[in-house]
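Subject: Structure handover: pockets and salt bridges

Hi,

Here is the structure for your next look.

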Amino acid sequence: MKIGVLTSGGDAPGMNAAIRSIAVVGASRGHQVLGIRDGYAGLLAGRTLELDPDSIEGITRQGGTILGSSRCLEMMDAPGQDKAMTRVAELGLEGLVVIGGNGSLTGAHKLAARGGPLRIVGLPASIDNDIGHAGLAIGVDTAVNTIVNACDNISDTARAHRRAFIVEVMGRNCGFLAMRAGIAAEADAILYGEASLDEDQVVERVREVLRRSFAKGRAKKRALIVKSEGLAMPVATLKKRLQAHLDEDAPGVDIRETVLGHVVRGGDPSALDRTLSLRLGFASILALEAGFADVMLGWEPPFGVGRETVDPSVRMIELKDVLEETARLLDGTSPVIKRRIEMLKAVEAALPG
Ligand code: F6P
C-alpha cells in the first residue's frame, strides 16, 4: 500500500515516535510510507516528505513533530474535504494515518465518511487527554511529568519563603493534566473547570486551604494550588482576590503565580509516551492492512471499550464512537468525568491542607 501519515492540531511529545514506527514498520512490511507536511494544510497543498527509515533515525526521542502541524479551518467544510480527497487521489494514497486530537480526528472521520478505497486510521495525540476512549493519548504522560517537575521546582523556592503558589497548566477545557500532575506534586488544591464552581466559590475554596495550611502552630511551609486553564477565571484575578484577604487568612505569607503555558507541550517524550506511540504506530499499519477505515486506536481505554488488536494494550474504536464520547467528556456527561471528579473529591477530603 501507499500510506500517508500526518500530524495535526497542537503537537504532542511522542508524535515523532509514532511517525517513526509507522515508517519503519510500514517499510518492513513492504509498504511505501509518505509523510505529509503541516497537517491537513499540507495535505491540501500536496506538501510531502519522504520518510526513509535511516534518515529519521533518532526522532523517537524528540518532542514536537518533524512533519510540522497546523490547525486547518478549511478542512472543516465540504469544499476543503473535497480538495483533500483530490490530493489523496493525486498522491495515490490507499491508507492514511492521522495523528492528532479532536479536530484532527473529526477531519479523519469526515474524509472516511466519503467512502471509496481510502482507509483511514486515527491515533489520539493531545496533551489535554480530552479524546474519547483514547485512554492515554500521545503526549499526556510527558506533559504530566513536565508539570510535576515544574511544581517540584516551585515548591523548593516556595518552602524557602513560606509562600503560596498558584500554577496554571494547559489542558484546554479538560482538567486531566491539572488533576494527574497536581496529585503527584502534592498540591493542596486542584482547580478545574469540570467542578463548575463560580468565581466566588473558587476564591472561598482556596481561602479555606490557605487558612488551614498556614494556621498557627502548623509547620507547613508552602501551599500549592494547581489550576487548569479550563477554569475560566484568570490566574491574576484569583491571586488579586486572595491577596485582598491574605493578612487575615495567612498573615506573613506571600502569594505568587506561574503560568506554565507552552512549556508543558514541548520536551523529549517520556519512555511511556515513546512506548505507547511506537505501539500505536505498529497497530495502525496492521489495521490498515486488515482493511479497517474510520477507526481510532486507543491505549488501554477506560471500561475496555472497542475491539481487540494484535497488541493487548491497544484497542480499536470506531471514530464515530470516539467523537461522541469526546463530546461527552467535554460537556461533563461522560462517566469518565464523573469518576474523575469523585476521585478528586476523595483526595481533597484526605488532604490536611
Ligand atoms: O490542545 C493542546 C493545547 O496545548 C491546549 O492545552 C491549549 O489550550 C492549546 O493547545 C494552545 O493552542 P495554541 O498552541 O494554538 O496556542
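This is a predicted model: local features need pLDDT of at least 70, side-chain atom pairs count only at pLDDT 80 or more; totals for chains, interfaces and linings use all residues.

Residues are numbered from 1 along each chain as its sequence is written, and side-chain values use heavy atoms, with hydrogens and water left out.

**Pockets**

A pocket here is an open set of points on a 1 Å grid over the protein atoms alone, where a 1.4 Å probe fits, with protein on both sides within 12 Å along at least five of seven lines; lining residues have an atom within 4 Å of a point. Volume is the space filled by probe spheres set on the points.

The largest pocket has about 680 Å³. Its lining counts 30 residues, with Arg-71, Asn-102, Gly-103, Ser-104 and Arg-172 nearest the centre. Helix H4 (residues 102-112) is the top contributor, giving 6 residues; helices are DSSP runs of H or I with at least four residues, strands are E runs of at least two. By class, 9 lining residues are nonpolar, 13 polar and 8 charged.

The second largest pocket comes to about 410 Å³. It has 19 lining residues, and Phe-176, Arg-180, Val-336, Arg-339 and Arg-340 lie nearest its centre. Helices H6 (176-184), H11 (319-331) and H12 (335-350) each give two or more of them.

Asp-141 sits in helix H5 (residues 140-161). It is buried without a salt bridge, and Arg-180, the nearest side chain of opposite charge, is 5.9 Å away. Buried means under 20% relative accessible area, exposed over 50%, partly exposed in between (1.4 Å probe, protein chains only). A salt bridge needs a side-chain nitrogen of Lys or Arg within 4 Å of a carboxyl oxygen of Asp or Glu.

**Salt bridges**

The whole structure holds 27. Glu-168 pairs with Lys-227, closest N and O atoms 2.8 Å apart. That pair links distant parts of the chain, strand E6 (residues 163-169) and strand E8 (residues 223-228), 59 residues apart. Glu-168 is buried at 15%, and Lys-227 is buried at 0%.

Arg-87 and Glu-90 also pair, at 2.9 Å, N to O. Both lie in helix H3 (residues 78-91), 3 residues apart. Arg-87 is partly exposed at 23%; Glu-90 is exposed at 54%.

Key
Ala, Val, Leu, Ile, Met, Phe, Trp, Tyr, Cys and Pro count as nonpolar, Asp, Glu, Lys and Arg as charged, and the others, Gly among them, as polar. Lys and Arg count as positive and Asp and Glu as negative; His and the chain ends are not counted.
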